[in-house]
Amino acid sequence: MTGLATRTAQLQQIMGMPISVHLRGAGMPADREAAIDAVFAELHEVDRLFSTYDPDSEVRRLDRGELTLAECDPAVAEVLALADEARRRTGGYFDVRFPGPTGVRRLDPSGLVKGWAAERAARHLARVARDDHYLNAGGDIAMHSAGPAPWRVGIENPDSPRTVLGVVELRSGGIATSGTAHRDTHLVDPTTGLRATALRSVTVSGPSLLWADVYATAAFARGADALDWLAELDGYEGLVVTRTGAVLTTAGLRLR
Amino acid sequence: MVSEPKGLSVRRITFWIMSTVAALVLLFSYRTSTGGTAPAAVTAAAQAPGIVAAPPASPSPVTGSSGSATTSRATTVNGSVAQTQWGPVQVQVTIAGGRITDVTTLRYPQGNPRDAEINSYALPALHDEVLAAQSAGVDAISGATVTSDGYRTSLQAALDTVHFG
């Protein structure tokens, strides 16, 4: 009966990146369109609150002191509380306040908002998808599979985006990659303000996309000891590509 | 039920495309223009989105008894023009025998020599990737963030036009 399985996918450009929603299963629930609409509507709202490009977003106004945290949407306080926890969990290697050229730290929670928002929005899919779904936000993926097959996720080769390093099979949780392949803005070591250059990319998978994303970003900033640090994380697995091109994985990550 | 496999296959193609193109397409996302978005100095006029070439209407669906029928039944469709930070992007997709057989870039940012240099290797890479992806057996790709996705947007529009989405 697997031949009768159906798939549907929708894509929108939000928060400056492509975000796509995918459903797979033996039957599609009638209210799937409403659920997908709810996903995208929620992500647009997150963008409105947290955009660092829009000078009128709540985050920008908060950073300029024009709003107090109490005056912001409660989601802003939730994200900043998570950011504090992320800084603690990573020994300061994940920080939403980046040192700028003048030494003044600017608030940019984008690195946390993406995983947080994607994981949160994917809950709309969990309510309607009988079998399998995933949400891919610019290469960071929140997923669930209750059907016969796991999701097969290719890990991009940072030196040759035409190819994948390998495939991991995942049923639930999230997988996120930090690296230099497509972007050069969020790869600063927050402890020094300098560019992190020891690694090409770090991929982390685990039960939560939010934390997989945070750990991948922090591990990238750590550099040389990233794999050892990832190996200590309970429930999360990692893959590191070093500057010289070596591919290293934690013990629980099976690359196919 | 004869028609089911065809419907399934085109959905799957869309799926492959969306999943895999995303990872690399936006080589466009490199900040190739240092002075912001320069209007593309040399670009062909945009081609109208939609089907530009389709097989002759046949009186009945092909049932698969004719092995050679698939290769000649190519549909060519233009995607919409996607506006990106670096300029407009438009692609054209050719579908034959239920598979994407070619992807051509009709329009891309070329506001300065660096754009042209990037695109000179990005576009062939994309072309190869799209065609290779159909046999890769991968549902999704985890990669470093792409910041823009005009190519993918236009590609999806092309596929939607022929109801392959």
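This is a predicted model: local features need pLDDT of at least 70, side-chain atom pairs count only at pLDDT 80 or more; totals for chains, interfaces and linings use all residues.

User: Which residues of α3(A) and α6(A) make the contact?

Analyst: From α3(A) come A:Leu82, A:Glu85, A:Ala86 and A:Arg89, and from α6(A) come A:Leu210, A:Trp211, A:Val214 and A:Tyr215. By class, the residues of this contact of α3(A) with α6(A) are six nonpolar, no polar and two charged.

User: And is the crossing of α3(A) and α6(A) right-handed or left-handed?

Analyst: The crossing in which α3(A) passes α6(A) is right-handed.

User: How are α3(A) and α4(A) oriented to each other?

Analyst: Helix α3 of chain A spans residues 74-89 and helix α4 of chain A spans residues 110-121; the two pack at an angle of about 110 degrees. Angles of 65 to 115 degrees count as roughly perpendicular, and α3(A) and α4(A) are therefore roughly perpendicular to each other. Their axes are 10 Å apart, and the crossing of α3(A) and α4(A) is right-handed.

User: Which residues meet between α3(A) and α4(A)?

Analyst: On the α3(A) side they are A:Ala75, A:Glu78, A:Val79, A:Leu82, A:Ala83 and A:Ala86, and on the α4(A) side A:Leu112, A:Val113 and A:Trp116. The contact of α3(A) with α4(A) comprises eight nonpolar residues, no polar residues and one charged residue.

User: What about α1(A) against α4(A), at what angle do they pack?

Analyst: Helix α1 of chain A, residues 32-50, packs against α4(A) at an angle of about 155 degrees, and the axes are 9 Å apart. The helices α1(A) and α4(A) are therefore roughly antiparallel to each other. Here α1(A) passes α4(A) in a right-handed crossing.

User: Which side chains are involved there?

Analyst: In terms of residues, α1(A) contributes A:Val39, A:Glu42, A:Leu43, A:Val46 and A:Phe50, which meet A:Val113, A:Trp116, A:Ala117, A:Ala118, A:Arg120 and A:Ala121 of α4(A). Nine residues of the contact of α1(A) with α4(A) are nonpolar, none is polar and two are charged.

User: Changing topic to strands: how many residues of β9(A) are buried?

Analyst: Seven of the eight residues in strand β9 of chain A, residues 172-179, are buried, so β9(A) is largely enclosed by the rest of the structure.

User: Which strands does β9(A) pair with, then?

Analyst: Strand β6 of chain A, residues 140-145, runs antiparallel to β9(A) and is joined to β9(A) by four bridges. Strand β12 of chain A, residues 199-206, also pairs with β9(A) in the antiparallel sense, over six bridges. As residue pairs, A:Met143 stands opposite A:Gly173 in β9(A), and A:Ile175 has A:Ser205 in β12(A) as its bridge partner.

User: Which sheet includes a strand of chain B?

Analyst: An open sheet of three strands has the order β8(A)-β7(A)-β6(B), with mixed pairing. The twist from one strand to the next averages 35 degrees.

User: How do β7(A) and β6(B) pair?

Analyst: Strand β7 of chain A, residues 151-156, pairs with β6(B) in the parallel sense over three bridges. Within this arrangement, A:Gly154 stands opposite B:Ile141 in β6(B).

User: How is chain B built overall?

Analyst: Chain B has four helices and six strands, which run α-β-α-β-β-β-β-α-β-α from the N terminus on. Of the 165 residues in chain B, 48% are buried.

Definitions and conventions: Residues are numbered from 1 along each chain as its sequence is written. Chains are lettered from A and ligands numbered from 1 in the order in which they are written. Side-chain values use heavy atoms; hydrogens and water are left out. Axes are lines fitted to C-alpha atoms, for helices over the stretch in contact, and angles run from 0 to 180 degrees between N-to-C directions. Angles under 35 degrees count as roughly parallel, over 145 as roughly antiparallel, 65 to 115 as roughly perpendicular and the rest as oblique. A crossing is left-handed if the near helix is turned anticlockwise from the far one by less than a right angle, and right-handed if clockwise. Contact means heavy atoms within 4.5 Å. Ala, Val, Leu, Ile, Met, Phe, Trp, Tyr, Cys and Pro count as nonpolar, Asp, Glu, Lys and Arg as charged, and the others, Gly among them, as polar. Buried means under 20% relative accessible area, exposed over 50%, partly exposed in between (1.4 Å probe, protein chains only). Two strands pair if DSSP finds at least two bridges between them.
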